[in-house]
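Subject: The structure, and some notes on it

Hi,

Here is the structure I promised to pass on to you. Have a look at it first, and then read on for what I found.

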Amino acid sequence: MAKIFPARFLSLGGFNEFELLAFLAECSLGENLFRSVLPIQYSKPLFFLFGSYSDCSNWEVTSNVPLHPASATLVDDAEFRAHLDLVMHEGRMAIPFFPELVSRRFTASESLPAPPSAFSIYSDGQPFYEWLHSPSQTDRNLNFNIAMRGMANTEGIAFLPMDYPFHSLPTEKPIVDVGGGIGTLPMLLLPTLPRHSFLVQDLEPVVKQAHAAPNDSIKQWMAEGKIKFSVQDCFSPQPPEVDGAVFILKNMIHNYSEPKALEILHNLRRKNPFKLLLIDRLVIPQIQSVDSSARLSGSSQRAATMYDLVMASLHGGKNRTLEEWENLLQRADFRLEKIYPLRASTGQAVMEAICA
Ligand SMILES: C[S@@+](CC[C@H](N)C(=O)[O-])C[C@H]1O[C@@H](n2cnc3c(N)ncnc32)[C@H](O)[C@@H]1O
């Protein structure tokens, strides 16, 4: 069987014939075989294994090799494609170094500390977001940001507005979405929150992309003053106008190991948040929420557990158990008040904390 790297295909997007031939030279699939197994949907962008290729409408397909139309079902969904592309492209860079990361953790000493993540072994020490936000990776950064929107659907948190009473949050100040990317969270919540507004904070290259390519809803909300994007490093002091606001960290803290996660939380604690909401994965086999009948089922924990390895590989971060979340919050002078498991998710919950 020919060896094919689907990630490479996806990542190349609409690549040209020259790049294609270079790719074919790299893998052991000959051009003829490639042309014969390729097919499915010529008109659609590339999706493999064996998916389609955007620029092959003039290719003759002769083979009756069994194909995988099911995997092409969502090929028209750019956000879904971006998510797959992220998993297969950046994931493929980091994951092969995971065994080395683990073994170096076991042999680490003061003079030879373990690398922070598998990705940092690949990148020669550069942290993931530093690499992603570098000018040469603008396209990968854009893919990442779109992928974050795609993840909201792929990972099934569409019921978020129903699983936490966001409407009960105060409206006087914008809700601060720390590390909010290009606006995934307000996209999900604003349709059900006519009186609230969001301040979405992220690093400069991301905010630039948020301003450059807002979709129609975001454009309208920006014009109405319901979403503002602002450059804010989550490790730097927050501006005075967010004193006492509600802060949300969605899929943020799992990017960080304990010391860095604590630094972020301590920084927010200085603003005396009205509430701190962590929307993240919570690893525990069964948990009954305080005031709803929702349960995290055992099976929803599989993705949360798997993502622990993804976080370790890319960022040196981790997914946390309930005990770890409680401990982290306590050390940052917060108290975990309630947990709202997200019903249709892959193990996420809203963890509601207040200042201790
Ligand atoms: C996993 S993504 C989550 C994005 C968004 N919260 C969501 O759920 O779709 C993490 C985000 O943190 C941002 N980020 C990374 N380092 C940051 C920093 N030092 N300050 C603020 N944001 C940061 C990244 O640019 C990225 O948008």
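Let me start with Asn272, which is found in the loop between α13 and β5 (275-283). Please keep in mind throughout that this is a predicted model. Phi of Asn272 is near 45°, a positive value in a residue other than glycine. Is Asn272 buried or exposed? It has 11 C-beta neighbours inside 10 Å, so Asn272 counts as exposed.

Asn251 also has a positive phi, near 50°, and is likewise a residue other than glycine. You will find Asn251 in the loop between β4 (246-250) and α13 (258-269).

β4 and β5 pair in the parallel sense, over five bridges, and Leu249 stands opposite Leu278 in β5. Eight of the nine residues of β5 are buried, so this strand is largely enclosed by the rest of the structure.

**Another parallel pair**

β1 (residues 175-178) is joined to β2 (residues 198-202) by four bridges, and the two strands run parallel. Ile175 has Phe198 as its bridge partner in β2. If you look along β1, Ile175 and Asp177 point one way, while Val176 and Val178 point the other way. Which of these four residues are buried? All of them are, Asp177 included.

**Helix α8 and the helices it meets**

Helix α8 (residues 138-154) makes contact with α4 (residues 78-94), and the pair packs at an angle of about 110° with axes 7 Å apart. Angles of 65 to 115 degrees count as roughly perpendicular, and α4 and α8 are therefore roughly perpendicular to each other. On the α4 side, the residues that meet α8 include Phe80, His83 and Leu86. On the α8 side, among them are Phe144, Ile146, Arg149 and Met151. By class, this contact of α4 with α8 has eight nonpolar, five polar and three charged residues.

α8 also meets helix α11 (residues 204-212), where the axes come within 10 Å and cross at roughly 70°. That angle makes α8 and α11 roughly perpendicular to each other too. The contact is made by Asn141, Leu142 and Asn145 of α8 with Pro205, Val206 and Gln209 of α11. Sorted by class, the contact of α8 with α11 has three nonpolar, three polar and no charged residues.

Gln137 has 16 C-beta neighbours inside 10 Å, so it counts as partly exposed. What does Gln137 contact, leaving aside its neighbours within four places in sequence? Its partners are Trp131 and Leu132.

Phe97 sits in the loop between α4 and α5 (98-107). With 19 other C-beta atoms within 10 Å, Phe97 is partly exposed; a residue needs 20 or more to be buried. Not counting residues up to four places away in sequence, Phe97 touches Ala118, Ile121 and Tyr122. Phe97 and Ser120 are 23 residues apart in sequence, and their C-alpha atoms are 9.0 Å apart in space.

**Around the ligand**

There are 16 residues around the ligand, and of these Met148, Gly179, Gly181, Thr184 and Cys234 come nearest. By class, the shell around the ligand has seven nonpolar, six polar and three charged residues.

**The chain as a whole**

To step back from the details: the protein chain has 15 helices and 10 strands. Of its 356 residues, 39% count as buried. How many of the contacts between residues at least 6 apart in sequence join residues at least 24 apart? In the protein chain, that share is 68%.

Best wishes

Terms used:
Residues are numbered from 1 along each chain as its sequence is written. This is a predicted model: local features need pLDDT of at least 70, side-chain atom pairs count only at pLDDT 80 or more; totals for chains, interfaces and linings use all residues. Axes are lines fitted to C-alpha atoms, for helices over the stretch in contact, and angles run from 0 to 180 degrees between N-to-C directions. Angles under 35 degrees count as roughly parallel, over 145 as roughly antiparallel, 65 to 115 as roughly perpendicular and the rest as oblique. Two residues are in contact if their C-beta atoms, placed from the backbone, lie within 7 Å. Ala, Val, Leu, Ile, Met, Phe, Trp, Tyr, Cys and Pro count as nonpolar, Asp, Glu, Lys and Arg as charged, and the others, Gly among them, as polar. A residue is near a molecule or strand if its C-beta atom, placed from the backbone, lies within 6 Å of it. A residue is buried if 20 or more other C-beta atoms lie within 10 Å of its own, exposed if 12 or fewer, and partly exposed in between; C-beta atoms are placed from the backbone. Two strands pair if DSSP finds at least two bridges between them.
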